[in-house]
Amino acid sequence: MLYLAFSEYFFQTSSFAYYTAGAFNITIAEETCSYFNISTEIFGSIIPEVAKYSVTPYPVMLKLMATEIPVISLKQDSFTVDIQGSMEVFAVLPDSTTQSLFTMNVAANTSIALNIFDQKLMGSLCLNRLQFSLAHSNVGFFEISLLENILSYILQTEVIPSANAKLSKGFPLPNLANVTLMRPHITIAQGYMLISTDVHYRH
């Protein structure tokens, strides 16, 4: 039996590397939206100042970025990631320029389910909690709570799948010469993750 242990600090260091590489930054545009067309018409029904774009609805683009290094927390049977970020919403005008409508602060609490495939550690992100607050607006003040259902839906259907596509590439486990991991089992405890596995030696 082989044991591989990864500390919370190890994952936090990886989080820093992904953050500095911009891996948590995502742009969502009408042409890349999978489930529905995002336009000023949707927001104009809630925000009066956006309604002026709704006579001829303009496409909307959303830019999301992490504003702080995501915080990794390992507890008994729990792997969570807390992400502080911002979401800026733009109207895409007919001449292809963009007009910033408003910017929100976003706080997301997520969980990661881990598995091992093809000698790689892979994860699947699940959204637990979301909190929005208005950071800046070029369309006047409005109650952000009126947009929470729309924004939560966009994050669930567009952002989380995009993040999981990146996580599905996997993180290579230590490469031991002529050794294949057999029936690995992952245990998450306070402050660390443990992989216990049988091994097969190739001659």
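Over the ring of which residue does the charged end of K63 sit? In this predicted model, where local features need pLDDT of at least 70, side-chain atom pairs count only at pLDDT 80 or more, and totals for chains, interfaces and linings use all residues, the charged end of K63 sits over the ring of F90, 5.6 Å from its centre; a charge is taken to sit over a ring if NZ of Lys or CZ of Arg is within 6 Å of the ring centre and within 35 degrees of the ring normal. Residues are numbered from 1 along each chain as its sequence is written, and side-chain values use heavy atoms, with hydrogens and water left out.

Rings of Phe, Tyr and Trp (its six-membered ring) were paired if their centres lie within 6.5 Å, with planes under 30 degrees apart counted as stacked, over 60 as edge-to-face and the rest as tilted. By this rule the count comes to seven aromatic pairs. One of these, formed by F43 and F102, is edge-to-face, at 5.9 Å centre to centre and 75 degrees between the planes. This pair links distant parts of the chain, since F43 lies in helix α2 (residues 40-44) and F102 in strand β6 (residues 98-117), 59 residues apart; helices (H or I, at least four residues) and strands (E, at least two) are DSSP runs, numbered from the N terminus.

F102 counts as buried because its relative accessibility is 0%, where buried means under 20% relative accessible area, exposed over 50% and partly exposed in between (1.4 Å probe, protein chains only). The rings of F102 and F142 have centres 5.0 Å apart and planes at 70 degrees, so this pair is edge-to-face.
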